[in-house]
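Subject: Structure handover

Dear colleague,

Please find the structure below, followed by notes on what was found in it.

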Amino acid sequence: MPHPLRAAAIGAALAAAATLAACTPVDIVKSAPKAAAGPMMSATAALQELDRLPVKGRAPQTGYSRDQFGPAWSDNSTAPGSHNGCSTRDDILARDLTGVVRQGPCTVVSGTLHDPYTARTISFTRGVKTSLAVQIDHIVPLSLSWQTGAQQLSAAERLSLANDPLNLVAVDGPTNEAKGDGDAATWLPPNKLIRCGYAQRQIEVKAKYKLWLTPPEKDALRRVLDSCPGPALPGEGASQ
């Protein structure tokens with residue numbers, strides 16, 4: 001006869017295994033750490049918007065430079081939150097970090113990032129050797145946007161695109177560098193839980209700025225949306 005304590009332990013283990021086996025992917029998403037993420041997102045609206053976006057190949061990169069999108073982190077655009085006296089970078093750091101410490105009214109000097117792309121917790125300290133640990137990602141990269149319609153935008157619209165909180169999120173620096181100008185067909189966040197929110201935000205940005213999709217990009221976004229619901233990226237709903 002099994003020892004009573006051993007029998008109880010075996011029973012508890014079997015019960016835990018049964019509970020885990022009964023979980024659906026959605027259950028797991030709902031119980032996962034938030035890691036700076038927002039509310040759970042359904043794919044319904046994103047799928048409808050995805051099918052409304054035009055689809056064609058990438059235009060040549062000819063003529064692209066960062067300067068085509070105006071000064072970096074400009075406070076002088078038509079994007080939501082602009083003209084508040086602070087740089088866009090500081091605005092996004094203040095939005096996405098917790099425990100924010102400022103120098104003066106704007107400059108974020110420290111805080112903690114619960115990185116949505118990796119689900120890691122990263123301490124941020126402003127400095128020559130430390131600031132790059134946390135970077136601000138353009139969710140739709142500027143180079144990609146140039147090749148999918150931004151060439152046809154006015155200079156003011158491109159400045160807005162580069163500084164719109166809808167298109168920006170604070171993330172792990174090396175992960176942002178690894179993304180480069182990749183679209184959804186070539187790069188997705190390593191944290192699979194956030195891919196639903198990431199795909200939806202790309203679609204929102206493309207729709208707002210009248211950008212198109214490439215066929216592989218559309219296929220990749222549709223595959224990601226099949227994994228929804230999932231948590232939103234930080235700042236969802238703040239800029240429309």
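How many helices and strands are there in the chain? The chain has 9 helices and 7 strands, where helices (H or I, at least four residues) and strands (E, at least two) are DSSP runs numbered from the N terminus.

On the basis of the numbers: this is a predicted model, in which local features need pLDDT of at least 70 and side-chain atom pairs count only at pLDDT 80 or more, while totals for chains, interfaces and linings use all residues. Residues are numbered from 1 along each chain as its sequence is written, and side-chain values use heavy atoms, with hydrogens and water left out.

Overall

The chain has 240 residues, of which 44% count as buried (under 20% relative accessible area; exposed is over 50% and partly exposed in between, with a 1.4 Å probe and protein chains only). Its accessible surface is about 11,700 Å², and carbon and sulfur atoms hold 59% of that (Shrake-Rupley method, 1.4 Å probe; for residues, only the protein chains shown count as cover). Among contacts (heavy atoms within 4.5 Å) with a separation of 6 or more, 74% join residues 24 or more positions apart.

The sheet

An open sheet is formed by 3 strands in the order β2-β3-β4, with antiparallel pairing (two strands pair if DSSP finds at least two bridges between them). Its edge strands are β2 and β4 (121-125), each of which pairs on one side only. Direction ignored, neighbouring strands of this sheet are turned by 10 degrees against each other on average (axes are lines fitted to C-alpha atoms, for helices over the stretch in contact, and angles run from 0 to 180 degrees between N-to-C directions).

β2 (residues 98-103) and β3 (residues 107-114) share 4 bridges. Val101 has Ser110 in β3 as its bridge partner, and Gln103 stands opposite Thr107 in β3. The two strands make a hairpin with 3 residues between them, and Gly104 in the turn has a positive phi of about 75 degrees. Helix α4 (residues 88-96) lies across β2, β3 and β4, at about 40 degrees to β3.

Helix packing

Helix α3 (residues 44-52) packs against helix α9 (residues 215-225) at an angle of about 170 degrees, with the axes 10 Å apart. α3 is therefore roughly antiparallel to α9 (angles over 145 degrees; under 35 is roughly parallel, 65 to 115 roughly perpendicular and the rest oblique). The contact is made by Ala46, Leu47, Leu50 and Asp51 of α3 with Lys218, Leu221, Arg222 and Leu225 of α9.

Helix α8

Arg201 lies in α8 and is buried, because its relative accessibility is 0%. The side chain of Arg201 reaches the backbone oxygen of Leu166 at 3.0 Å. Not counting residues up to four places away in sequence, Arg201 touches residues including Ile139, Pro165, Leu166 and Glu236.

Gln202, also in α8, has a relative accessible area of 1% and is therefore buried. Its side chain reaches the backbone oxygen of Ile139 at 2.8 Å. Leaving aside neighbours within four places in sequence, Gln202 is in contact with Ile139, Val140, Ala184, Glu217 and Leu221.

Lys208 lies in α8 (residues 195-208) and counts as partly exposed, because its relative accessibility is 28%. The side chains of Lys208 and Asp164 are joined by a polar contact of 2.7 Å (a pair of N or O atoms within 3.5 Å; within protein, one must be able to donate a hydrogen and the other to accept it, and residues adjacent in sequence count only if both atoms are side-chain atoms).

Regards
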